[in-house]
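This report describes one protein model, with attention to its aromatic side chains. The sequence and structure are shown first.

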Amino acid sequence: MTDHLTAPSAAPAPDVPAAAPRPALGTYARLAKLDIVDYYIGLPLVFAMTLPLLGARADTFGFLLLVLVAEVAVVAAMVSFDDVTGYRDGSDAANYGSDAARRRLARKPLVHGTLTEPQALGFGRAATVASVVLWTLVVALAPHRPLWAVAGAALCLVASVQYSWGLKISYRGFQEIFLVGLGVGWILVPYGLLVGHVDGFVVVQALVFGGGPMIFGLYSNTNDAAGDRAAGRITVAARVSPRANTVFIVALTALETLLVTGSHLLGIAPWWFTVALLPVIALRVAQLFIGFVLGDILRARRMAIHTHRATVVLLIGANLVAPFLWGAR
């Protein structure tokens, strides 16, 4: 037997950390939240609003497609940094952990474990660079470049990237303002770049559009109040009592209804605007009942998302039909 005479084997090599697996394209799509179209659907509305002025022109359609790509890049940067911040402070794990089935945890790749923090950061930085390049191209190719529209485009880009990163404006008490402001900006900016000016009715439609993401964001914040509070994220729901938060949401919902009805009474909007949005008023009442009477906040949030999308469809249809209506203005 010579086993005991055999030369000792070499010491095992130290473990080398395995390289992070390369994520599938779908993982980055989930990080970019490409399934959330609620800001992008403003562009078909802009097309419908400009149609009576510009006609059905291919260059208008092509310009709005370029704006769409620029908007997708901005949102991809915003939500990537938001996911990294939420992953670091634990708010995403807290807010999604108990509702993973209903809120699709896979939409949070960092919490789900399908993406690493450096990968998410790299994607966010690349999307930020793409946003700057694309919006510069949008402005350069725009038929008109009023200063307010150019400044608005820059403000939307900078504020989006700083939403949960850098200045972290969503942590400083400005989240609700941002949600409505981005929607308003992404109606007024492309409209202004195409037409060169806006009127009161365009502003009213932009406010109604921007209010949609803000309202369903309020339901999200209501559900996430404990996790946001623990992470130091300042939202109305995280800072006030449940009763005060309910009053706040009811008041903003009523304000939207007042905008829809009052704008016609003040001579800003035509009669068909209020008529077209009557179903939206009914849906808003229903979601308040579901959220604060039945106590199903996530169901109310889902309904608010569908209400926003229905609002846009109704506005697009009404703008297209309006030129053929008696007394449309």
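## A partly exposed tryptophan

In this predicted model, W165 has a relative accessibility of 23% and counts as partly exposed, because the buried class ends under 20%. F81, at 4% relative accessibility, counts as buried.

## Aromatic pairs

The protein contains 8 aromatic pairs. One of them joins F81 and W165 in a stacked arrangement, with 5.1 Å centre to centre and 20° between the planes. This pair connects distant parts of the chain: F81 belongs to helix α3 (residues 58–89), whereas W165 sits in the loop between α8 (147–161) and α9 (175–195), 84 residues apart.

Y163 and F178 form a tilted pair, at 4.8 Å centre to centre and with 40° between the planes. Y163 is located in the loop between α8 and α9 and F178 in helix α9, so their pairing ties together parts 15 residues apart in sequence. Both Y163 and F178 are buried.

## Ring cluster and charge over a ring

F201, W272 and F273 are linked into a cluster by ring pairs. A charged side chain also meets an aromatic face: K168 lies over the face of Y171, 4.5 Å from the ring centre.

## Overall fold and surface

The protein has 16 helices and 0 strands. Of its 329 residues, 48% count as buried. Among contacts with a separation of 6 or more, 77% come from residues 24 or more positions apart.

Definitions and conventions:
Residues are numbered from 1 along each chain as its sequence is written. This is a predicted model: local features need pLDDT of at least 70, side-chain atom pairs count only at pLDDT 80 or more; totals for chains, interfaces and linings use all residues. Side-chain values use heavy atoms; hydrogens and water are left out. Helices (H or I, at least four residues) and strands (E, at least two) are DSSP runs, numbered from the N terminus. Buried means under 20% relative accessible area, exposed over 50%, partly exposed in between (1.4 Å probe, protein chains only). Contact means heavy atoms within 4.5 Å. Rings of Phe, Tyr and Trp (its six-membered ring) pair if their centres lie within 6.5 Å; planes under 30 degrees apart count as stacked, over 60 as edge-to-face and the rest as tilted. A charge sits over a ring if NZ of Lys or CZ of Arg is within 6 Å of the ring centre and within 35 degrees of the ring normal.
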